[in-house]
Amino acid sequence: MVPTVAQTPTRPQTERIVTPEGVPDLTGCFPHARVIEPDKRAPAGHATLCDPTFFAGCGYMTPEEAGLLYRIAQASPKGWWLEIGTHTGWSLAHVIAAGRDAVGLDPEYAQVSHNQTRSPDAFLKRATENLQRVSETVAGSGRFKLLGVTSTEFFADATLRPFEGRPAGVIIDGDHGDPHPVADALGTIATLDPPVIILHDAMIHAVQRGAFALQRRGYFTRTYRTAQLLVVAWKDPAWTPPAHVPEAGFDWKNWMMTRRLSYVPWDWPVKDNAEGYSRWDRLVNSVKLTIRSGKFRRPKGA
Ligand SMILES: C[S@@+](CC[C@H](N)C(=O)[O-])C[C@H]1O[C@@H](n2cnc3c(N)ncnc32)[C@H](O)[C@@H]1O
């Protein structure tokens, strides 16, 4: 049985978080995780965990987002998964718990960066131990491999791929500044060509540009209205990503405006933008389906 937060004596009750229904509770496998300070009053499923030892401003996917990741990985076509930006392993844990083999990249497993104060060895050890706990407690977990390389280095060297065959999916959650999300999206398509790609933190404009790059190259997209906006992109018109109902009555605008000001420009009406972006997804998807189904044809001679 996977231990829960409540069973972890070192974690105060105020840091209790809620795992979505049908998703294994992996919090007990992350005994060093704590809720990030500004998220203390967030609804339980939207709180962001971090590992204070390796925090450096970098939080995990929320429990709701990690739950979506678990369900997307389960529903994805056969194959292994890649994560760009694995940190201490929380999001990758949900992929291996879904029974998928997965490789996680983080350059800070190999080198000290400007904002990481601890040693790369300690960082890699922490991620490895967290993921080992998941392997030991969740029956049927996939294998995992962690690499201290950047996404660019991984794209350039096919010998770094630890698993056979094509990947089923890629999670882009590494460097969130321009031009990296777009470069990661394009590098993923050019070298791995997976049927499913996930972008985390689409409230950041540079990440939205990554999603647009995928749309322009024929991927369908859905933006989940979660605390940090999760985008799933896929190629097969017959594949449907898992359903999701955003929490009713939750003040998304207030949440995002008060919590992520460093990312969100003042003039960006976040709530409307998040909704409008989803409408944009639907519009782009419907045009693509129309074209693919042959209903839209170029007039003869045009
Ligand atoms: C937001 S954290 C990822 C959190 C993690 N996905 C989770 O939910 O637990 C981003 C991580 O990406 C890593 N990173 C930064 N640039 C990268 C790159 N070019 N390739 C791979 N990882 C990168 C950082 O070192 C950092 O640990």
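The following legends describe close-up views of a predicted model.

**View 1. Helix α5 and the elements that its buried residues pack against.** Helix α5 comprises the 12 residues 180-191, which at 1.5 Å a residue should span 16 Å, and the 16 Å that separates its end C-alpha atoms agrees with this expectation. Within α5, the buried residues are His-180, Pro-181, Asp-184, Ala-185 and Thr-188. Seen down the helix axis, the buried residues of α5 fall within an arc of 140°, so they line one face of the helix. The packing partners of these buried residues comprise the strands β3 (80-84), β6 (167-172) and β7 (196-200), together with the helices α4 (151-156) and α6 (205-216). After α5 comes Asp-193, a residue whose phi is positive, near 50°.

**View 2. Helix α1, a mostly covered helix.** Helix α1 is formed by residues 63-75, and the distance from its first C-alpha to its last is 18 Å, close to the 18 Å expected for its 13 residues at 1.5 Å a residue. Of these 13 residues, 10 are buried.

**View 3. Strand β3 and its parallel pairings with β6 and β4.** Strand β3 is mostly covered, with 5 of its 5 residues buried. In a regular strand the side chains alternate between the two faces of the sheet. In β3, Trp-80, Leu-82 and Ile-84 point one way while Trp-81 and Glu-83 point the other way, and all of these residues are buried. Strands β3 and β6 run parallel and are joined by 5 bridges, with Pro-167 in β6 as the bridge partner of Trp-80. Strand β4 (residues 102-105) also runs parallel to β3, to which 4 bridges join it, and in this pairing Gly-104 of β4 stands opposite Glu-83.

**View 4. Strand β9 and its antiparallel pairings with β7 and β8.** As 5 of its 5 residues are buried, β9 is mostly covered. The side chains of Leu-230, Val-232 and Trp-234 point one way from β9, whereas those of Val-231 and Ala-233 point the other way, and all are buried. Strands β7 and β9 run antiparallel and are joined by 5 bridges, and Val-196 is found opposite Trp-234 in β9. Strand β8 is likewise antiparallel to β9, to which 5 bridges join it, and here Phe-220 stands opposite Trp-234. The hairpin of β8 and β9 has 5 residues between the strands, and in this hairpin Leu-229 takes a positive phi near 60°.

**View 5. The residues around the ligand.** The shell around the ligand has 18 residues, of which Gly-85, Trp-90, Ser-91, Gly-174 and Asp-175 come nearest. Sorted by class, this shell has 7 nonpolar residues, 7 polar residues and 4 charged residues.

Key: Residues numbered from 1 in each chain as written. Predicted model: local features only at pLDDT ≥ 70, side-chain atom pairs only at ≥ 80, totals over all residues. Helix = DSSP H or I, 4+ residues; strand = E, 2+ residues; numbered from the N terminus. Expected span 1.5 Å × (residues − 1). Buried ≥ 20, exposed ≤ 12 C-beta atoms within 10 Å, placed from the backbone. Arc of directions from axis to C-beta. Contact = placed C-beta atoms within 7 Å. Near = placed C-beta within 6 Å. Nonpolar A, V, L, I, M, F, W, Y, C, P; charged D, E, K, R; others polar. Pairing = 2+ DSSP bridges.
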